[in-house]
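Student: Could you walk me through a few helix contacts in this one?

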Amino acid sequence: MITELLNKGHVSKALAELRKRSASYPGEGFGDRLDALQTEFKYMSDFMLQGYKDEKRASLFQELLQRIADLDYDLQVRETLCENPYLQGIVKTLRATDRSAESLQDMILAPLTPQEHYKNLSTCFLSLLTSGHWRQKQADEWSAFISSPKTNPIDAATLTAAVTLSAIYHYSYYKALCLANIYVLCEREEVRQRAFVGCLLAVSEADEPQDGRFSTLLNILLADEEDRKSLIETQVQMAACANAEADSTEINRNIMPGLLRNQPFRFTKDGIVEKEEENDCINLDADERRMEAVAEGVNKMIQMQKNGSDVFFGGFRQMKRFPFFYQIANWLMPFDINHPDIGREVKSLQGSEFVGKVTERGPFCNSDKYSFVIAMAGVMGQLPEDMRKMMEEGEVGPLGMQDTSYATPSPSLLRLQYLQDLYRFFRLSPLGSSLRNPFVHVPQYRLWTVTGDSLSDADRKTIFNLMLRDASLWDSPADSGGEPSTASSAAIHPADLILSGFENKEGFDYLSCHAGCMMRRKRYKEAIDAYSKCLLSKPEDPVLMRGMARACYGGGEYAKAAFYFDALHTLFPKRISYVLNYSMAMVMDGAADSVVNEMYKLEYENPDNAMVKNTLGWVLLHARKAEQALSVYEKLTDSKTANGDFAVTLNAFYACLANEKAEQGVEMLRQYCDGLDAGQHKAFPDMLADAMEEDAHLLEIYGVCRAEKGIILSQFDY
């Protein structure tokens, strides 16, 4: 509100609004600052109104506006961060602390015991987290201190995290600039990658309109091709972190039950004990089958991990309730085996090579390493001797364990682990979950949108490939056909922003990206035009042919779609999907009769393929062979593979209508509907109405028109 008033020139209104807000915090200096601003503004106003000229007026006025904006920023910090119930008590204790950069840095460098040092580090972390608006001076002081070789690496990484959180909660150009400078100046890779991530998150969270200073930050961060690759990879890694809970659900539902069933130990109230050997004379290969089941489950998790999934989030989320995490700084502190807050646990694990190997070479983020050490201290004494021996000899370890040649983690891994630490903080810590979470913006491609102008054509093509692969994220951004003007235009689709940056609008890279973009946005005619131009360069490229076929189908050019699907089937005769798509295109082109025999042949060759049977029934319905279609669907709905499939149930319902067996069809739908959850059950009438509207042409063939549809839908009006 204040920024808007200032942009419109309403300085007095802005000051009055700030006066109202600052009245809630008497004695904290806001009133004195306001008095000074109002006095200066009055003098400036009086001076001008009396007819005096002032060559410095413009610069003084601009400085006044900046100071008003600074006061607004500090009030925002006071209102949102310092009044947070998880910080209120801490903020009170900080009032007695000299929070100047010089004083805080002296605290960090003071020769103290480890316990006292970590206490000072936590105080410094919280001071930075709750700090007000910065100027160039503070940005320079902190970037120089954190980047200095004299600063302890753990301290530097922790303080970088504090600046990051502060800049995310309330964007400040100078805090973001501090992070950008740390990335350039610091020689320690972990600190550099934290600064890189922090600056990107800060600018992507900025609410205020960007100016030339915004470009300055991006020019520092994205100075070369490797930096731009890191940007793209960071967005992908953020998407993986944001999907952690869904991955955990997949693991808990479909993988862990099998692993627990087949593992050789069982958990009892007295601890973990080895399962007794069971001599099964009938199932002599039971042990082998159990081993295969365990291997299959482990391999699935390994593949998920290779694909970027955060497979450890679900297992460690309950371990964030240890007292260790009561200290906010500990959530984002690099792992340190000498951290005094885990001293007791480390002492009880002395001599365990397994714990040392996992914390040094394990794939965990820092937060999970602390959880691991604390948890292991509690259970190590309860483990069976055989299990402890396997662990210590290296036969047991977490997924993704690095081998003994592992030296230092790559920049990519450091970024990923830091993002995982941040995700856990924002998702699981009381403070983080109560404030703005940058991971909720991942589906909106905020990172790519705000950095779009800094990308090359090759970068844009890479991003498009990633965006088009992830349908779940595509529909979130605003869709706009207009030309983008700035990176901060909230209403512009990221695809438009990236497309606008291609220099050669007739080049293959642009056309292929444009075609994919238009397909995802269901702008089929534009996609057809782009694919047509691409195919002139690569006429037998199967990816382009497949895209062209789908674009033609979506755009209603069914004969052309059939042509390309038929060509693809010629190139890949074993792919059934191309035959099915060809048949569907022919049906939509009014030539269902011509593919009936081909579909019967395909069904004969693939008797257990539910998709083939469903397509056969669909072709028969359009060919006006209603009885044959019903026969196909009655068999299909009895099979377990098709049970619960809405498309199959709907088509079977149509077959019943075509054969004047409406009651039977309605009963099929009712049985399907009864198997839905409450939300889906409530939405079913609308879903059915939409489906019948989409298939109106087919229903009209069999006399199912508006009245019939109304009667049918009335059966599901709850």
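Predicted model: local features only at pLDDT ≥ 70, side-chain atom pairs only at ≥ 80, totals over all residues.

Tutor: Residues are numbered from 1 along each chain as its sequence is written, and side-chain values use heavy atoms, leaving out hydrogens and water.

Student: Is Asp70 buried or exposed?

Tutor: Asp70 sits in helix H4 (residues 57-81); helices here are DSSP runs of H or I, at least four residues, numbered from the N terminus. Buried means under 20% relative accessible area and exposed over 50%, with partly exposed in between (1.4 Å probe, protein chains only). At a relative accessible area of 7%, Asp70 is therefore buried.

Student: Which side chain makes a polar contact with the side chain of Asp70?

Tutor: Asp70 touches Arg33, His133 and Arg135, not counting residues up to four places away in sequence, where contact means heavy atoms within 4.5 Å. A polar contact is a pair of N or O atoms within 3.5 Å; within protein, one must be able to donate a hydrogen and the other to accept it, and residues adjacent in sequence count only if both atoms are side-chain atoms. At 3.2 Å, the partner is His133.

Student: How is H37 oriented relative to H38?

Tutor: The axes of H37 (residues 662-674) and H38 (residues 678-694) come within 10 Å and cross at roughly 140°. Axes are lines fitted to C-alpha atoms over the stretch in contact, with angles from 0 to 180 degrees between N-to-C directions. Under 35 degrees counts as roughly parallel, over 145 as roughly antiparallel, 65 to 115 as roughly perpendicular and the rest as oblique, so H37 is, relative to H38, oblique.

Conventions. Helix = DSSP H or I, 4+ residues; strand = E, 2+ residues; numbered from the N terminus.
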